[in-house]
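Here is a short briefing on one protein chain. Look over the sequence and the structure first, then read on.

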Amino acid sequence: MGVSGAIVTLRPQITNWVSPASDNATGCTEKTDWNRAQSDMESFMGAKLDRLYFPSNGDPRVQIRIEGEQEKLYRHVTYDGCSAKVLGETNLRWMYWLVDFHHNLRGERAGRNWAGVIGVVLLLSAVGGLLLWLLGQPNMARALKIQFGRSDYRTSLDMHRAFGLAAMPLLLLPAISGIWLCYAQPMRSFTSWFLPIVNETRPARPDKTADTDQRAGLGDIIIAA
C-alpha cells in the first residue's frame, strides 16, 4: 500500500516524464482552439474524451484520458496546445491498473473493504504499541533513546520502542483516513454521535444513456471553468 500510494501520488510527474516532448518548451501566445483540439484528439484515438489534465509551469502539453476497452484501464494521449497537434499516445495502462489496485485491490467493493481491513490493522498496530508502552511505566526521557554497547536484546528493544513511537503518528494518519475512505457511511454514523456532521447534498449523476450529441464542446467547457 505504501509503494503503490507513493506512485499514485506522483502520477502527474510520472505522466509528464514519460509523455512525448513538445517542440514549444517555452510556451506560446497563440490562443488554443479547444473545439478543434477535441476533434483532433477524438479522431486520433477513435473514442470520446473522458478527462483532461491542464499543464503547469508553462508546459504546453495537455494530457487527455480516454475511455479504454476495459473499465478503469484508460488510454492516454498528449496534445500540444501551441502547435495544435496530437503528440501521441502514452501507455499508462499500468498506472491506471495500479490506481485501482491501491484503491480497491482490483476487487471492486469487496476489494475496497479489504483495503479498509489493512487500515484497521495499521490502526490497531499503532494504538496497541502505544498502549503497551504506556502500561509498562514508561520513562519519557528515554522514549526515543537507543543505547548501544549493551546486549543485543536490549539494543533491539530500544530500537523497536524508539522507531515505533516515531512512526506512530505516520501510521495513524493513513490508517484513520484510509478507514474513512473505505467505510465512509459507518464512519459518518459513528462520528455523528459526538461531532456535528453537515449533510452533503450531491447532485445526481448525469444519465450516461442520454443523447451525447447535445453535450457542450470542449471550448465551451473550458471557458465555463
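Buried means under 20% relative accessible area, exposed means over 50%, and partly exposed lies in between (1.4 Å probe, protein chains only). By that cut-off, buried residues make up 28% of the 225 residues in the protein chain. The model is predicted: local features need pLDDT of at least 70, side-chain atom pairs count only at pLDDT 80 or more, and totals for chains, interfaces and linings use all residues. Residues are numbered from 1 along each chain as its sequence is written, and side-chain values use heavy atoms, with hydrogens and water left out.

**Overall build**

- The protein chain has eight helices and four strands. Helices (H or I, at least four residues) and strands (E, at least two) are DSSP runs, numbered from the N terminus.
- Along the sequence the pattern is α-α-α-β-β-β-β-α-α-α-α-α.
- Contact means heavy atoms within 4.5 Å. Among contacts between residues at least 6 apart in sequence, 52% join residues at least 24 apart.
- The protein chain exposes about 15,700 Å², and carbon and sulfur atoms supply 60% of that area. Accessible areas come from the Shrake-Rupley method with a 1.4 Å probe; for residues, only the protein chains shown count as cover.

**Helix 6 and helix 7**

- How do the axes of helix 6 and helix 7 cross, and at what angle? The axes of helix 6 (residues 152-182) and helix 7 (residues 184-191) come within 5 Å and cross at roughly 110 degrees.
- Helix 6 is therefore roughly perpendicular to helix 7. Angles of 65 to 115 degrees count as roughly perpendicular, under 35 as roughly parallel, over 145 as roughly antiparallel and the rest as oblique.
- Axes are lines fitted to C-alpha atoms, for helices over the stretch in contact, and angles run from 0 to 180 degrees between N-to-C directions.
- Helix 6 brings Ile179, Trp180, Leu181 and Cys182 to the contact, and helix 7 brings Ala184, Met187, Arg188 and Thr191.
- By class, this contact has six nonpolar, one polar and one charged residues.

**Arginine 61**

- Arginine 61 is found in strand 2 (residues 61-70). It counts as buried because its relative accessibility is 10%.
- Its side chain reaches the backbone oxygen of serine 19 at 3.4 Å. A polar atom of the arginine 61 side chain also lies 3.0 Å from the backbone oxygen of proline 20.
- A polar contact is a pair of N or O atoms within 3.5 Å; within protein, one must be able to donate a hydrogen and the other to accept it, and residues adjacent in sequence count only if both atoms are side-chain atoms.
- Leaving out residues up to four places away in sequence, arginine 61 touches residues including Asn16, Pro55, Thr78, Tyr79 and Leu87.

**Threonine 32**

- Threonine 32 sits in the loop between helix 2 (11-18) and helix 3 (34-45).
- A polar atom of its side chain lies 3.1 Å from the backbone oxygen of glycine 81.
- Threonine 32 touches Tyr79 and Gly81, not counting residues up to four places away in sequence.

**Around helix 5**

- Valine 120 is found in helix 5 (residues 108-135). At 32% relative accessibility, valine 120 counts as partly exposed.
- Valine 120 and isoleucine 179 are 59 residues apart in sequence, yet 6.7 Å apart in space, C-alpha to C-alpha.
- Arginine 106 lies in the loop between helix 4 (93-104) and helix 5. Its phi is positive, about 60 degrees, although arginine 106 is not a glycine.
- Glutamate 108 belongs to helix 5. Its phi is positive, about 55 degrees, although glutamate 108 is not a glycine.

Note on methods: Ala, Val, Leu, Ile, Met, Phe, Trp, Tyr, Cys and Pro count as nonpolar, Asp, Glu, Lys and Arg as charged, and the others, Gly among them, as polar.
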